[in-house]
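I am opening a notebook on this structure and will write down what I look up, entry by entry.

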Amino acid sequence: MSDILALSIYATPMAGFLAIYTWRRRAHHRNSVAVRDEATEAGLTEPASLHPIIDPNKCVGCAACISACPEMPGHQVLGLIHGKANLIAPTECIGHGACLAHCPADAIKLVFGTERRGIDIPTVAPNFETNVPGIFIAGELGGMGLIRNAIEQGCQAIRSIQHKAAGSRGNVLDVLIVGAGPAGFAASLAAKESGLRYATLEQESLGGTVAHYPRGKLVMTAPARLPIYGKFRFRETTKEQLLDFWRGVEKDTGVEINYGERVESITRSGNHFLISSDRTSYQARTVLLAIGRRGTPRKLEVPGEELPKVAYRLVDPEQYRDRHVLVVGGGDSALEAACAIAEVPGTVVTLSYRSEAFSRAKPKNRERVEAAQADGHIKVLLKSTVDLIDSDHVELSHNDTRIRIDNDAVIVNAGGILPTAFLRGLGIEVDTKFGSA
Ligand SMILES: Cc1cc2nc3c(=O)[nH]c(=O)nc-3n(C[C@H](O)[C@H](O)[C@H](O)COP(=O)(O)OP(=O)(O)OC[C@H]3O[C@@H](n4cnc5c(N)ncnc54)[C@H](O)[C@@H]3O)c2cc1C
Ligand code: SF4
């Protein structure tokens, strides 16, 4: 009798716990499958850079990797399916690598690229120099993503450059830094701190990829040291706060960065490099490429494109409230930008594309545009090209006719020139990784 009583005292709560555990695991499984299927249906299956692959034979389903991922719970990157960890939203993975560090079963490997899509990684020595002596690479371009890594690498690369370049004479700089994302910004501060003669050219604005995060994005990072300024201790902040902080450091330190200036070519000339930008040219003993992996947006090459109302990415649709906006392009970014702006009250949106159909875009985006067009929220001009951009209007060729449209802003989403071609053009060796470390 007493045995039965003891059994029921322990068995009942055990059965309760087991039921709750099983219910939660099933709910987790269902949710993970839904996230994975949604990502697959939307074609979002290829991670941008470094990401985990999980060996199901080793995974014990403890979910430590899921809890460790800094992007959770805002973004569901990893999930459990049939009791095993899976990368359920591959494009949300930004390569923190915390999953690897927390896995007790050694089931995770971090790799670049997948079987279907290779990722080009330049060959870089431990001192950040490429196979082209005098050209260095730091930050995400070299394969190592994340803000803190980019900052660290920018500083370390300058230390290597210092040994090699200091003491240049005449008009020759010690180092020309390309890009002012976290790597290029930190490198510029380090160059100033070290007394190097430097110039930093940035085709857009301070912050690089960070400046293009969605509004209010929570940024996870780790404390790091910025030269001249000292330590900063953020772990979690917003995109806006981080950019404000960097702008403050820029102002306080007096570090100089030339914004809106794009490097177009780099050639060797004797014992230094000749760097041509879209404004002028420079000579430098060494070059540090901190250009990230997003590439350079393709330009339209039409008169008026230099006006400040022309942008190459949509950051915040709200800024176009009550404006006449022209979006140029036929890929997903163009269609998504046009639809997002058209949802803002008071906007008048025209979408111009040179081909006769949006065949490159996902069906979901094509349907969105068709619906917005039917409701009169977007005017679509297929087989059209932009001829001229002026302060208050644009002119386009459409069906052999020149048309003029009132305009306050232009967003060009005409694709980009990826860094690989640029690197190969400089003679830098690039290795394509298909799911290897
Ligand atoms: C959506 C998203 C969310 C992320 N969230 C986080 C996060 O929470 N925490 C984290 O640590 N990391 C995060 N990352 C990753 C992080 O943003 C990048 O790893 C980091 O910005 C890389 O820094 P970088 O300086 O190497 O390159 P980038 O930040 O890409 O900067 C490169 C700069 O070079 C400029 N450039 C390129 N070509 C030229 C040229 N020819 N001439 C002049 N300038 C040029 C570009 O305009 C750009 O400003 C995220 C990334 C994405 C996409
Ligand atoms: S931490 Fe390792 S063992 Fe645990 S679920 Fe993730 S991959 Fe599997």
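Entry one, a pair of strands. I looked up strand 19 (residues 324-328) and strand 20 (residues 348-352), and found that they run parallel and are joined by five bridges. I took strands as DSSP runs of E with at least two residues, and helices as runs of H or I with at least four residues, numbered from the N terminus; two strands pair if DSSP finds at least two bridges between them. Within this pair, Val325 stands opposite Val349 of strand 20.

A note on the source. This is a predicted model, in which local features need pLDDT of at least 70 and side-chain atom pairs count only at pLDDT 80 or more, while totals for chains, interfaces and linings use all residues. Residues are numbered from 1 along each chain as its sequence is written, chains are lettered from A and ligands numbered from 1 in the order in which they are written, and side-chain values use heavy atoms, with hydrogens and water left out.

Glu306 lies in the loop between strand 17 (296-297) and strand 18, and at 65% relative accessibility Glu306 counts as exposed. For these labels, buried means under 20% relative accessible area, exposed over 50%, and partly exposed in between, with a 1.4 Å probe and protein chains only. I also noted that the C-alpha atoms of Glu306 and Ile389 are separated by 9.0 Å, although the two residues are 83 apart along the chain. Lys383 is in the loop between strand 21 and strand 22 (384-389); Lys383 is partly exposed at 46% relative accessibility, and its phi is positive, near 50°. I kept in mind that most residues other than glycine have a negative phi.

Is strand 7 (residues 172-178) buried or exposed? Seven of its seven residues are buried, so strand 7 is largely enclosed by the rest of the structure. Six bridges join strand 7 to strand 16 (residues 281-289), and the two run parallel; here Val178 has Leu289 as its bridge partner. Strand 7 also pairs in the parallel sense with strand 8 (residues 198-202), over four bridges, where Leu176 is partnered by Ala199.

I counted a residue as near the ligand if one of its heavy atoms lies within 4 Å of it. The surroundings of ligand 2 comprise 14 residues, the closest being Cys59, Cys62, Ala63, Cys65 and Cys103. Ala63 is in the loop between strand 1 (51-54) and helix 2 (64-68); Ala63 has a positive phi of about 70° although it is not a glycine, and at 16% relative accessibility Ala63 counts as buried.

How many disulfides does the rule count? Taking a disulfide as a pair of cysteine sulfur atoms within 2.5 Å, I found that the count comes to zero. The sulfur of Cys99 is 6.5 Å from the closest cysteine sulfur, in Cys65, which is too far for a bond. Cys99 counts as buried, at 6% relative accessibility.
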